[in-house]
Amino acid sequence: MDHCYTSGLISLEQALEKLLSQTAPLSETETISLMHSAGRITATAIISPINVPPFDNSAMDGYAIRLADLNETQTLPQAGKALAGVPFQGEWPAGTCIRIMTGAPIPTGTDAVVMQEHTETTETGIRFTHPVRQGQNIRTIGEDIAQNTAVLPQGIKLSTAQLPLLASLGIAKVEVFRKLKVAVFSTGDELQAIGEPLQTGQIYDTNRFAVRLMLEKLDCEVIDLGVIPDDPDALRHAFIQANDLADLVISSGGVSVGEADYTKQILDEMGQISFWKLAIKPGKPFAFGKLEKAWFCGLPGNPVSAVLTFYQLVQPLIAHLSGFSSWLPPLRLNAKAVTPLKKSPGRLDFQRGIAVLNEQGELEVKTTGHQGSHIFSSYSLGNCFIVLERERGSVAAGETVQIEFFNQLLKNQ
């Protein structure tokens with residue numbers, strides 16, 4: 001390994017620590033309808049306005065009884081019925097039982113509900129065939145959720161797991177953090193808009209399209225400023241516009257060694273920007289800092305590198321800025337490599353792979369093929385990153401490696 005080549009690189013962990021320690025979540029909130037809150041982040045803890053269940057009710061179809069009545073006999077005549085939504089009304093004579101259905105309010109004085117499978121119907125009434133204990137098959141008021149207790153903390157992303165719960169509590173509106181506003185643009189005379197014919201030397205603007213898709217999945221408000229040519233005035237105008245409109249500005253291209261100096265000059269004029277060389281592959285060049293008003297992330301120009309740095313660095317930054325405190329980093333799992341993996345020591349390598357469970361229930365992973373930073377098809381073919389340690393060299397088939405399954409941003413299903 002050439003230590004001179006890699007000694008100036010910062011690790012992924014160092015870069016992420018810098019991103020998160022220098023930024024703070026949004027403080028602005030809004031109250032919106034529960035019907036339109038999917039994907040939004042709770043700005044405060046959500047308190048239950050009611051008890052769940054709101055009254056004592058039956059957990060079974062069966063019979064409500066008083067234990068004192070069973071001390072005299074095991075057979076009780078039926079005095080009435082209690083149905084869900086139609087409670088038992090009137091006097092409950094001693095020495096009788098009440099037919100009750102699941103969810104029905106418990107009649108006053110009930111000691112237990114006996115499931116109908118533990119009874120027999122006779123000419124003289126209902127005979128109880130099993131021992132009965134106090135409180136059995138009765139759901140008590142507030143047993144699931146007590147009134148005035150927190151049901152969700154601040155910083156939770158609302159989805160199918162949470163929204164029906166809030167609906168069951170009659171909560172019609174929720175206070176959430178406002179959406180993060182993110183301006184995105186690409187730089188470079190070689191970039192052509194998707195759908196337009198390519199001229200000599202041009203390529204399609206894949207990066208901005210990919211970044212926009214990922215921002216939409218993260219529920220950001222996207223401000224798309226298009227492709228900015230390699231012109232200082234146009235680039236300065238784009239940065240000024242993005243800074244005025246957004247909380248976060250993301251560009252791709254112009255942050256590598258040897259790229260147009262005026263990109264760095266404009267950024268230096270407008271704020272405090274650090275240009276990092278990351279000890280990861282793909283994705284060595286990365287810029288981060290503060291413009292006058294907005295935060296800024298500069299992604300590499302290569303499509304695979306741009307997506308990888310967004311996934312590993314910008315994704316947790318957006319979660320942090322958005323107030324999503326329950327966001328979790330990708331889980332790394334051990335898997336057996338079934339194909340050789342080429343690697344040089346010096347950088348943490350995120351190769352694209354295909355992981356499956358073998359017949360023995362063990363994780364196996366193989367490469368998607370060529371891992372060049374221009375081979376975007378590797379994301380479409382793969383379902384995980386094969387994460388190879390910074391100092392590790394090439395991997396032989398049969399060795400153990402770590403993998404990260406793609407999350408919602410990249411997974412194919």
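These legends walk through several close-up views of the predicted model.

Since this is a predicted model, local features need pLDDT of at least 70 and side-chain atom pairs count only at pLDDT 80 or more, while totals for chains, interfaces and linings use all residues. Residues are numbered from 1 along each chain as its sequence is written, and side-chain values use heavy atoms, with hydrogens and water left out.

**View 1. The domains of the protein.** The assignment gives domain 1 (12-28 + 179-322), domain 2 (44-52 + 146-177), domain 3 (57-139) and domain 4 (332-405); such bounds come from an automatic or database domain assignment. Taken over C-alpha atoms, the centres of domain 2 and domain 4 are 41 Å apart.

**View 2. The largest nonpolar core, with 44 residues.** A nonpolar core here is a set of buried Ala, Val, Leu, Ile, Met, Phe, Trp, Tyr and Cys residues joined through side-chain atoms within 4.5 Å. Buried means under 20% relative accessible area, exposed over 50%, and partly exposed in between (1.4 Å probe, protein chains only). Leu215, Leu248, Ile250, Phe286 and Phe310 have the most contacts inside this core. Helix α8 (residues 303-321) gives the most to it, with 11 residues. Helices (H or I, at least four residues) and strands (E, at least two) are DSSP runs, numbered from the N terminus. Because domain 1 and domain 4 both give residues to this core, it lies between them.

**View 3. The surroundings of Phe310.** Setting aside neighbours within four places in sequence, Phe310 is in contact (heavy atoms within 4.5 Å) with Val211, Met214, Leu215, Leu218, Ile250, Leu299, Gln315, Ile318 and Leu409.

View 4. Helix α8 gives the most to the lining, with three residues.

View 5. Ile354 sits in strand β24 (residues 348-357) and is partly exposed, with a relative accessible area of 25%. Beyond its neighbours within four places in sequence, Ile354 has contacts including Glu364, Val365, Leu381 and Cys384. Ala396, in the loop between β26 (384-388) and β27 (400-405), is also partly exposed, at 36% relative accessibility. The C-alpha atoms of Ala396 and Ala337 are separated by 7.5 Å, although these residues are 59 apart along the chain.

View 6. Most residues other than glycine have a negative phi, and most peptide bonds are trans. A cis peptide bond joins Val52 and Pro53, with omega about -5°; Pro53 is in the loop between β2 (46-47) and β3 (57-58). Lys281 and Pro282 are also joined by a cis peptide bond, with omega about -5°, and Pro282 lies in the loop between β20 (280-281) and β21 (285-290). Asn137, not a glycine, has a positive phi of about 60° and is found between β10 (125-128) and β11 (138-139). Asp219, likewise not a glycine, has a positive phi of about 65° and lies in the loop between α5 (206-217) and β17 (221-228).
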